[in-house]
Amino acid sequence: MVQNHLLQLLSIVAMEPPVSLRAADIRDEKMKALRALMPITADNARECTVRGRYAAGAVNGEAVRGFLDEAEFGNADDTETFVAIKAYVDNWRWQGVPFFLRTGKRLPERRSEIVIQFKPVPHNVFKDRGGRLEANTLVIRLQPEEYVRLLVMAKEPGLDRGGVTLREVPLDLSLTAAFAGSRRRIAYERLLLDLIEGDQTLFVRRDEVEAQWKWIDAIRALWDATALRPKGYGAGSWGPNAAIALTERDGVSWHE
């Protein structure tokens, strides 16, 4: 999941605008972002990566067994079912900006999304009147429903004699609702048609795959070298506590 799906999403978010919509131009820009991924080293492997494996718990009110209790997984003692990574794209545009990647099994819900948290404003003009500002957030939901949501801070209406109250307000664009009259196409239908027509835009090029595996294989080698074992988490939770600490050290939180 990390090598394929998550790194593809990272490259799409981090890439520079292509000069055209030709497949080669788009994949060239994705490749630049993948090549700029800063390697995880032995010095920061424990601070930048978290492995997890689910134990017994409950999902949607239904009790489930732990991973090692499943009959077919009984000998998979070193297999993780959850990964969280703090990555950096080492180029001019993204210097110092962390990219947090997370994927796992037996989480509370099935969800695929990209969350972009903007930097907080340097000066809060509402501070003296009690107004508390949070950074604006852009959420791009891919599954199960498709939408784009911008979470912005807004002042609650009122006379403000007791102070200013600010709260987060969503601005929603539901693609499911906006294009309700259009025929829905599953992703593989589009890919198969592109394959027949010879359009390679949405397909991964060989050098992309090699760059992804080079980055991931180095992390797995570090896990083996440092004996970084999977941390337990209850089925139905959002992963090990160490994954929460991974983001909170940077003053941010997972979008849940």
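Student: Okay, what comes after α5, and what is its phi like?

Tutor: α5 is followed by G198, and the phi of G198 is positive, near 80°. Helices here are DSSP runs of H or I with at least four residues, strands are runs of E with at least two, and both are numbered from the N terminus. One caution: this is a predicted model, where local features need pLDDT of at least 70 and side-chain atom pairs count only at pLDDT 80 or more, while totals for chains, interfaces and linings use all residues. Residues are numbered from 1 along each chain as its sequence is written, and side-chain values use heavy atoms, with hydrogens and water left out.

Student: Is α5 well covered or hardly covered?

Tutor: Hardly covered: α5 runs over residues 187–197, and of its eleven residues the buried count is one. Buried means under 20% relative accessible area, exposed means over 50%, and partly exposed is in between, using a 1.4 Å probe and protein chains only.

Student: And the chain as a whole, how many helices and strands?

Tutor: Seven helices and ten strands. Of the 256 residues, 33% count as buried. The C-alpha trace spans about 65 × 45 × 40 Å along its principal axes.

Student: Which residues touch the most other members in the largest nonpolar core?

Tutor: L37, I85 and W215, out of 26 residues in that core. α1 (2–14), α2 (23–35), α3 (45–48), β4 (82–88), β5 (98–104) and α6 (206–226) each supply at least two of its residues. The largest share, six residues, comes from α6. By a nonpolar core I mean a set of buried Ala, Val, Leu, Ile, Met, Phe, Trp, Tyr and Cys residues joined through side-chain atoms within 4.5 Å.

Student: What is I85 in contact with?

Tutor: Leaving aside neighbours within four places in sequence, I85 is in contact with V2, C48, T49, F99, F100, L101, W215, I219 and L246. Contact means heavy atoms within 4.5 Å.

Student: Switching to α1: why does Q3 count as buried?

Tutor: Q3 lies in helix α1, and Q3 counts as buried because its relative accessibility is 13%. Its side chain is joined to that of Q212 by a polar contact of 2.9 Å. That term means a pair of N or O atoms within 3.5 Å; within protein, one must be able to donate a hydrogen and the other to accept it, and residues adjacent in sequence count only if both atoms are side-chain atoms. Not counting residues up to four places away in sequence, Q3 touches V209, Q212, W213 and I216.

Student: And A14, why is that one buried?

Tutor: A14 is also placed in α1, and A14 counts as buried because its relative accessibility is 2%. Beyond four places in sequence, A14 is in contact with A33, V89, W94 and F99.
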